[in-house]
Amino acid sequence: ASRETARIVVDAVAVIAATVDAHVDELGRMDAIAGDGDHGIGMQRGSHAAAEAARAAAEAGAGAATTLLRAADAWSDRAGGTSGALWGVILSSVADRIGDSGRPDAPAVARGTADAAAGVMAYGKAEPGDKTLVDALVPFAEELGRAVAAGASLADAWRTASGAATEAAAATADLLPRMGRARPHAEKSLGTPDPGAHSLALITAGVADVLAA
Ligand code: ADP
Ligand code: MG
Ligand code: MG
């Protein structure tokens with residue numbers, strides 16, 4: 001039974017890797033404008049390691065939470081870079097809330113996502129407005145929490161939250177980076193969204209399709 005409940009996690013992490021694959025060059029180009037150009041390749045390394053680890057854990061009979069935790073650890077171990085560590089924090093925060101028995105429910109995922117936003121800010125010290133993935137993650141978590149509290153299904157709430165993340169990521173084009181490698185070349189990045197915010201929005205859109213299936 002636990003293998004069945006881990007299926008949604010395996011599918012979600014596989015879709016994350018496929019989403020990154022489809023955008024790997026775009027993410028690299030965005031990161032090259034003011035950063036070091038490795039965001040596509042780093043996200044690809046991390047998400048594929050995570051997908052493999054999730055598949056192996058589920059195959060060994062792990063439930064949803066344990067499967068997602070294995071994915072989180074593999075991502076941060078193998079990605080390298082700031083975003084790899086932060087994606088480890090994001091996935092492990094959700095894992096800590098969803099439990100190993102049963103299908104992950106909407107309130108648990110919403111709590112995990114709120115923890116992820118708080119955890120990323122605690123770990124990386126960026127705040128909203130600093131032009132980082134925090135600028136997409138915070139509105140995503142807020143909208144998810146709001147929609148779930150209003151009684152929406154996980155799939156519907158996630159779709160709404162993903163729309164908010166997509167808008168917020170696009171809006172980072174107008175911001176000057178105050179954190180990370182892009183900071184010394186801040187003015188060059190004006191007009192381009194933050195790569196980490198953009199990849200997060202793309203990933204939430206990909207996962208929305210898994211939850212709706
Ligand atoms: P690196 O900067 O180590 O090369 P990546 O290129 O993979 O790592 O990721 C860059 C992205 O990481 C940025 O676009 C930004 O979204 C995010 N980022 C960088 N520093 C921070 C931070 N302190 N807090 C939150 N996000 C950050
Ligand atoms: Mg980089
Ligand atoms: Mg780097």
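Helices here are DSSP runs of H or I with at least four residues, numbered from the N terminus. The model is a predicted one.

**Stop 1: Gly 28**

Select helix α1, residues 2-34, and find Gly 28 within it. Is Gly 28 buried or exposed? Gly 28 has 20 other C-beta atoms within 10 Å, so it is buried; the cut-off for buried is 20 or more. Now show its contacts beyond four places in sequence. They are Gly 37, Asp 38, His 39, Gly 40 and Ile 41. Then draw a C-alpha to C-alpha distance from Gly 28 to Val 207. It reads 21 Å, for two residues 179 apart in sequence.

**Stop 2: Val 210**

Move to helix α8 and pick Val 210. α8 covers residues 195-212. Val 210 has 18 other C-beta atoms within 10 Å, so it is partly exposed. Which residues does Val 210 contact, leaving aside neighbours within four places in sequence? Select Ile 8, Asp 11, Ala 12 and Val 15.

**Stop 3: α2 against α3**

Select α2 (39-59) and helix α3, residues 64-79. Their axes come within 7 Å and cross at roughly 150 degrees. The two helices are therefore roughly antiparallel. The crossing is right-handed.

Colour the residues that meet. On the α2 side, take Gly 42, Arg 45, Gly 46, Ser 47, Ala 49, Ala 50, Glu 52, Ala 53, Ala 54, Ala 57 and Ala 58. On the α3 side, take Thr 66, Thr 67, Arg 70, Ala 71, Ala 74, Trp 75, Arg 78 and Ala 79. By class, this contact has 10 nonpolar, 5 polar and 4 charged residues.

**Stop 4: α5 against α6**

Next, select helix α5 (residues 106-124) and helix α6 (residues 134-149). How do α5 and α6 run, roughly parallel or roughly antiparallel? Their axes cross at roughly 155 degrees and come within 9 Å. Angles over 145 degrees count as roughly antiparallel, and α5 and α6 are therefore roughly antiparallel to each other. α5 passes α6 in a left-handed crossing.

From α5 it uses Ala 106, Pro 107, Ala 110, Thr 113, Ala 114, Ala 116, Ala 117, Val 120 and Met 121. From α6 it uses Val 134, Leu 137, Val 138, Phe 140, Ala 141, Leu 144, Gly 145 and Val 148. The count by class is 15 nonpolar, 2 polar and no charged residues.

**Stop 5: the loop between α5 and α6**

Stay here and select two lysines. Lys 125 lies in the loop between α5 and α6. Lys 131 is in the loop between α5 and α6 too. Check the backbone angles. Phi of Lys 125 is near 65 degrees, a positive value in a residue other than glycine. Phi of Lys 131 is also near 65 degrees, and positive.

Now compare their surroundings. Lys 125 has 11 C-beta neighbours inside 10 Å and so counts as exposed. Lys 131 has 28 and so counts as buried.

**Stop 6: α6 against α7**

Select the α6 side of the contact: Asp 135, Ala 136, Pro 139, Phe 140, Glu 143, Leu 144, Ala 147 and Val 148. The α7 side is Asp 156, Ala 157, Trp 158, Thr 160, Ala 161, Ala 164, Ala 165, Ala 168 and Ala 169. These residues divide into 13 nonpolar, 1 polar and 3 charged.

**Stop 7: ligand 1**

Finish at ligand 1 and display the 24 residues around it. Which come nearest? Look for Gly 81, Gly 124, Thr 132, Gly 180 and Gly 196. The elements giving two or more residues to the shell are α2, α4 (81-98), α5 and α8. α4 gives the most, with 4 residues. Coloured by class, the shell has 8 nonpolar, 10 polar and 6 charged residues.

Technical notes:
Residues numbered from 1 in each chain as written. Chains lettered and ligands numbered in written order. Predicted model: local features only at pLDDT ≥ 70, side-chain atom pairs only at ≥ 80, totals over all residues. Axes fitted to C-alpha atoms, helices over the stretch in contact; angles between N-to-C directions. Parallel < 35°, antiparallel > 145°, perpendicular 65-115°, else oblique. Left-handed = near helix turned anticlockwise from the far one by under 90°. Contact = placed C-beta atoms within 7 Å. Nonpolar A, V, L, I, M, F, W, Y, C, P; charged D, E, K, R; others polar. Near = placed C-beta within 6 Å. Buried ≥ 20, exposed ≤ 12 C-beta atoms within 10 Å, placed from the backbone.
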